[in-house]
Amino acid sequence: MKNILHFIHNFSPPLFIRFGFRVCGFGFTVLGLWFRVLPFAPCHWPLLRFFSFPFNILRFTLCLLPFYSSAQTLQVITKTIEKTFEVPQYAKVQVWGERSDVEIMTWNKNEIKATIELTAKHPTRSTAEKDLEALHYTADRKGKTVSLHNFVVLAKNGSKPQSNLKARFTLFVPANCAVEIQNSFGKIFIKGLQTQTMQLQTEFCTIELHDLRGTLTARTQFGALRTENFNGLLSIFSERTDLILQQIKGECRVRSQYGSLDIQTDKAQVKLDVETKNTELRNGTVAKQ
Amino acid sequence: MSDLLKHKLPTYTPPESVWEAVEQGLNEAPLKEALQHLPMHEPPAQVWLELTESLPTARPLRWWRYAAAATITGLLCFVGYVFLHSPSEDTKLTYSQEKAFSSALPAQNEAIDQQYEQLQAFCETKTPVCEKPEFKDLKQQLDELTIASRQLKEALGEYNTDASLSSQLSDIEHERAELLKKLSERI
């Protein structure tokens, strides 16, 4: 609706011209002045009723139909699973996602709480329901490691799901929990971890890292990575990724091909080792080419 | 002396059953003695075999019953263990609706794909310009981006609502167009 109003606001002409029937004829108004073109219509013509007040509302709605049609209504079915794992000190969480969003936050419990949302979107509800059955997940603990995984199982006839399928992992972990993530076509958000093992391997993902301490290694292809307030050893190997590194302390090693690199930090507090190839350097970022 | 003892010692009368037992013993004594003198005969082996066959057969041990009972007990223990030790799990299903605006779907630019196919066909004829290092480098970039574009389009599907993925595809298509322009300038 906001888009529609925006469209009307931008595209309504300043000189508003109306066409329509008046008392006895067809014509148009320009700036409120009536110009009769065809004085043929009798006053009692039932067709004129079409232009009465209730029908004005209908006309207005009909006029908006083309805009409404561009916004398709999708039936969204979400299966939500919550699991909680008791874990020892220095546990590890492993997320292998496909087209999934991963959000990791910390808490003070010796538990890993995982909320897994599997979603199917399609204009037809029955199709969405059927396709959701093809989207599977696993969530297990083996020793100190909790593994989460989502995947699509094709039907026996090999037909692909028609719906838009998506998984979302929302995790609460102890701050010292090691993290290993592999993902494609999704988003990753990590906040507050203090651990020596943070490993990311992504394709076409948008990554947001906030307030992290420790050692992080990221290997990215396409997408974007933004880190804010990092303290420790940061290693990034990126290809066609837009990198924004803000307020980093410690040691930072970047190997970047294509994409862009923007380092916004106090250079005195970080040891930078940056090598780039065909990468756009922003905000005075310096790198070996 | 004997008279003196007769008067001093107590007298006892045995119960009637004792006399009966003595009498029965005396009666059976000749029979027992005769039995000891009877001859002994060994029966033929066939008799024993027939005797064995005529005896009721021993009930076989129904081991499978014990095995089934043990299996069921084991299964019950396993299920109990799994329930007690598995992490808490809660599953629910929710239904909602969402508007998919066409703006979330990237504009299909078939012209880029057509130009790319034309370029492929052009370079298949082993035109010298396609062998130049600079051209090859640009072409390689274009190939990589074309693969990425196809992967993204497949991931987006028809009902994408993720604007960041659409934005990535738009960027890739823009880069492909730029590369095609550069390559066409070199032909």
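Reply: Here's the helix, then its chain, then the neighbouring chain.

Bear in mind that this is a predicted model: local features need pLDDT of at least 70, side-chain atom pairs count only at pLDDT 80 or more, and totals for chains, interfaces and linings use all residues. Residues are numbered from 1 along each chain as its sequence is written, while chains are lettered from A and ligands numbered from 1 in the order in which they are written.

Helix α3 of chain A covers residues 125–132, and its buried residues are A:Ala128, A:Asp131 and A:Leu132 (buried means 20 or more other C-beta atoms within 10 Å of the residue's own, with C-beta atoms placed from the backbone). Looking down the axis of α3(A), those buried residues fall within an arc of 100°, so they line one face of the helix (the arc is taken over the directions from the helix axis to the C-beta atoms). Their cover includes four strands of chain A: β4 (71–86), β7 (111–122), β8 (135–142) and β10 (164–174). Helices here are DSSP runs of H or I with at least four residues, strands are runs of E with at least two, and both are numbered from the N terminus.

Zooming out, chain A has three helices and 19 strands. Of its 289 residues, 32% count as buried.

As for the neighbour, 26 residues of chain B are in contact with 29 residues of chain A (C-beta atoms, placed from the backbone, within 7 Å). On the chain B side, β1(B) gives the largest share, 14 residues.

Key:
Buried ≥ 20, exposed ≤ 12 C-beta atoms within 10 Å, placed from the backbone. Contact = placed C-beta atoms within 7 Å.
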